[in-house]
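Hi,

Here is the structure I promised to pass on to you. My notes on it follow below, with the cut-offs included.

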Amino acid sequence: MTIESTDLTSLSLLRKGKVRDIYEVNKSTLLLVATDRISAFDFLLNNAVPDKGKILTLLTHHWISNVLPTYFPKLKHHIISLGLPAESSLRANEKKGLIGRAMVVRKCTMLPFECIVRGYITGSAWAEYKKSGTVHGMPQPAGLRHGQQFPGGPIYTPAIKVPYGGRDENIHPARAREMVGDRLAEQMEKLALGLYQAAYDWALERGIIIADTKFEFGHDEDSDEIILADEILTPDCSRFWSASDYVVGQAPKSFDKRFLCDWLTENGLSAKVGIEVPDEVIARTESNYHEIFQRLTGQTLETALAAL
């Protein structure tokens, strides 16, 4: 079943994002529902990718529940449970469509920028580097090649999220500190780099390079804690490369939406509204998402769903 939108009459809809529909359960909790909508270059496409929302949800839960606690036993995150809130009165047909794609999460004040960690120079970082020798305004060593690992290790490159239809703004870490203060900014940077390195090491053992990824954090004002929020380490917010295919200067096989973005770019359709993508491009994207899910979790999506 492909879900492009939801209409849960027993809960209050707070917001529809590019992928997630967000409902209020009570004053302290939300229900996040990951649909199968897909965006590229910050615009929604007319197509949906079957099972995408389930893959994003269950992969995020896998990282939070099975992987990251080994490295960060005291990691604070916003997930309360997979599935539906006990106090909701959803209809049977609504519940059926939400299996595997819904999470109950705690409310928190989201901090105003994404925490991107880049282990390899590609994407917008490569475009900036070719022009100025910098990444997010930070000078980088001369002579880097496309797809090369940063010689000094992963770098922290925050970005400001902008309203729908605009491109996120890459910023220098100094500007991030100006936005939230030194203490919170330093905590976010340290945690983002640590999470990336832990995930990178774990994925590499399974033949996957995490070239870059983004994290989002909330702030619990009562406990004054930083909370990992939103999706993490999914093919929607990360570049996953095949380690066996990796060669500096060449585009390795990827298990994310790079294939889709490349098709749009090659056809002059990037950053445009109302694009209908050919079925074969959607099918290839769907296949990539399923493959990365299986390689990182050790099980098929069908097996994971059967266990819920």
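The second largest pocket has a volume of about 350 Å³. A pocket here is an open set of points on a 1 Å grid over the protein atoms alone, where a 1.4 Å probe fits, with protein on both sides within 12 Å along at least five of seven lines; grid points are joined across faces, edges and corners, and the volume is the space filled by probe spheres set on them. Lining residues have an atom within 4 Å of a point. There are 19 of them, and Thr122, His146, Ala251, Arg258 and Asp262 are the closest to the centre. Two or more lining residues come from each of α3 (123-132), β16 (238-242), α6 (258-266) and α7 (279-297), with α3 giving the most, four residues. Helices (H or I, at least four residues) and strands (E, at least two) are DSSP runs numbered from the N terminus. The lining splits into six nonpolar, seven polar and six charged residues, where Ala, Val, Leu, Ile, Met, Phe, Trp, Tyr, Cys and Pro count as nonpolar, Asp, Glu, Lys and Arg as charged, and the others, Gly among them, as polar.

Before you go further: this is a predicted model, in which local features need pLDDT of at least 70 and side-chain atom pairs count only at pLDDT 80 or more, while totals for chains, interfaces and linings use all residues. Residues are numbered from 1 along each chain as its sequence is written, and side-chain values use heavy atoms, with hydrogens and water left out.

Beyond four places in sequence, Leu296 contacts (heavy atoms within 4.5 Å) Leu59, His62, Trp63, Trp202, Ala203, Ile208 and Phe240.

Lastly, two backbone details. Phe41, not a glycine, has a positive phi of about 55 degrees; Phe41 sits in the loop between β4 (37-40) and β5 (43-48) and is buried at 18% relative accessibility. Asp230 also has a positive phi, about 65 degrees, but is partly exposed at 22%. Buried means under 20% relative accessible area, exposed over 50%, partly exposed in between (1.4 Å probe, protein chains only).

Best wishes
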